[in-house]
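Hello,

Here is the structure we talked about handing over. Please open it first, then read my notes below.

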Amino acid sequence: DLASALKSWRRLASFYPADASVRNGTVTAFLKSKQPDKAWIFLSSLDNDQAENPDTIYLKGVALLALQRPIEAISYFERSLAGDPSSPDQVYASLGYTLRDLQRFPEAIAALREAVRRNPGKDDWRYELAVTLKDGGRLEEALAINLQLVEKYPKNALPWRQLGFVYAQLLRTPDSIRALERSLELDPRQGKVWAALMGEYHIAGRLEDVRKAYERLRGFDVTMAEEAYRQNLLPYEEGKP
């Protein structure tokens with residue numbers, strides 16, 4: 001019940017405007033309710049001493065990101081880091097995600113490396129660093145991290161997924177197929193993984209497996225299935241009577 005939760009958080013915020021956890025909860029409730037504009041208004045209405053708090057500045061960056069204003073969000077994340085935020089690893093991670101979405105990969109990698117350095121026990125940051133290294137073309141570095149995460153979390157679909165994507169870019173098709181299949185065993189409703197697996201089956205010449213993967217994907221994501229069909233099955237079908 002997002003509406004009731006938001007109402008409760010706003011009431012708490014009126015009683016405890018200086019409480020950082022209440023402020024964070026209120027902003028989170030606005031964002032989950034798809035009201036980033038009201039999250040921004042709420043943060044902008046705070047007293048000056050609260051508005052200039054590094055954690056508040058970070059939350060403004062989060063709100064701006066939800067408002068699809070990533071360049072401004074980056075400036076707020078950097079301003080937060082110039083102060084003394086309570087969770088600098090989180091701020092560096094958010095900065096890294098935002099830079100990655102803008103395809104500014106060297107800067108994104110540097111930010112996520114710093115997030116890992118600040119909080120080496122949080123494997124979420126290592127996972128995101130591996131994703132960014134892969135997207136930035138630094139495949140061997142991404143592979144090394146993904147292999148570590150797969151060993152540590154063998155029953156988590158996400159590290160297997162990323163391992164499969166990296167192997168595919170390294171043209172290691174049999175390894176990619178094994179990793180993608182394992183990811184789908186753990187979580188079968190991953191459209192992007194089914195589409196990638198169709199591509200790897202196609203490269204391996206396993207036409208029947210391409211068709212089977214297409215049918216599985218079509219069962220829950222018709223749009224993605226049809227796009228994967230055009231890329232991986234249509235070439236086989238063309239020319240048939």
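Helix 2 and helix 3 touch through a defined set of residues. From helix 2 come Arg23, Thr26, Val27, Phe30 and Leu31. Across from them, helix 3 supplies Pro36, Lys38, Ala39, Phe42 and Leu43. Sorted by class, this contact has seven nonpolar residues, two charged ones and one polar one. Keep in mind that the model is predicted.

Now the geometry of that pair. Helix 2 covers residues 20–32, and helix 3 covers residues 36–44. Their axes come within 7 Å. They cross at roughly 155 degrees. Angles over 145 degrees count as roughly antiparallel, so helix 2 and helix 3 are roughly antiparallel to each other. The crossing of the two helices is right-handed.

Next, the charged pairs. Side chains of opposite charge can pair when their charged atoms come close. How many salt bridges does the structure hold? The count is 20.

- Asp209 and Arg206: their side chains meet in a salt bridge, 2.8 Å from N to O. Asp209 is partly exposed, at 21% relative accessibility. The cut-off for buried is under 20%, so Asp209 falls in the partly exposed class. Arg206 is partly exposed too, with a relative accessible area of 32%.

- Glu226 and Arg218: the closest N and O atoms of this salt bridge are 3.3 Å apart. Glu226 has a relative accessible area of 24% and is partly exposed. Arg218 has 41% relative accessibility, which also counts as partly exposed.

- Arg230 and Glu227: here the closest N and O atoms of the salt bridge are 2.7 Å apart. Both residues lie in helix 15, which spans residues 222–232. They sit three residues apart, about one turn of the helix. Arg230 is partly exposed at 48% relative accessibility. Glu227 is partly exposed at 34%.

Salt bridges can also share partners, as in one network that joins Arg113, Arg138 and Glu141.

Where to start on screen? Then go to helix 15 and find Arg230 and Glu227. After that, look up the salt bridge between Asp209 and Arg206, and the one between Glu226 and Arg218.

Best wishes

Definitions and conventions. Residues are numbered from 1 along each chain as its sequence is written. This is a predicted model: local features need pLDDT of at least 70, side-chain atom pairs count only at pLDDT 80 or more; totals for chains, interfaces and linings use all residues. Side-chain values use heavy atoms; hydrogens and water are left out. Axes are lines fitted to C-alpha atoms, for helices over the stretch in contact, and angles run from 0 to 180 degrees between N-to-C directions. Helices (H or I, at least four residues) and strands (E, at least two) are DSSP runs, numbered from the N terminus. Angles under 35 degrees count as roughly parallel, over 145 as roughly antiparallel, 65 to 115 as roughly perpendicular and the rest as oblique. A crossing is left-handed if the near helix is turned anticlockwise from the far one by less than a right angle, and right-handed if clockwise. Contact means heavy atoms within 4.5 Å. Ala, Val, Leu, Ile, Met, Phe, Trp, Tyr, Cys and Pro count as nonpolar, Asp, Glu, Lys and Arg as charged, and the others, Gly among them, as polar. A salt bridge is a side-chain nitrogen of Lys or Arg within 4 Å of a carboxyl oxygen of Asp or Glu. Buried means under 20% relative accessible area, exposed over 50%, partly exposed in between (1.4 Å probe, protein chains only).
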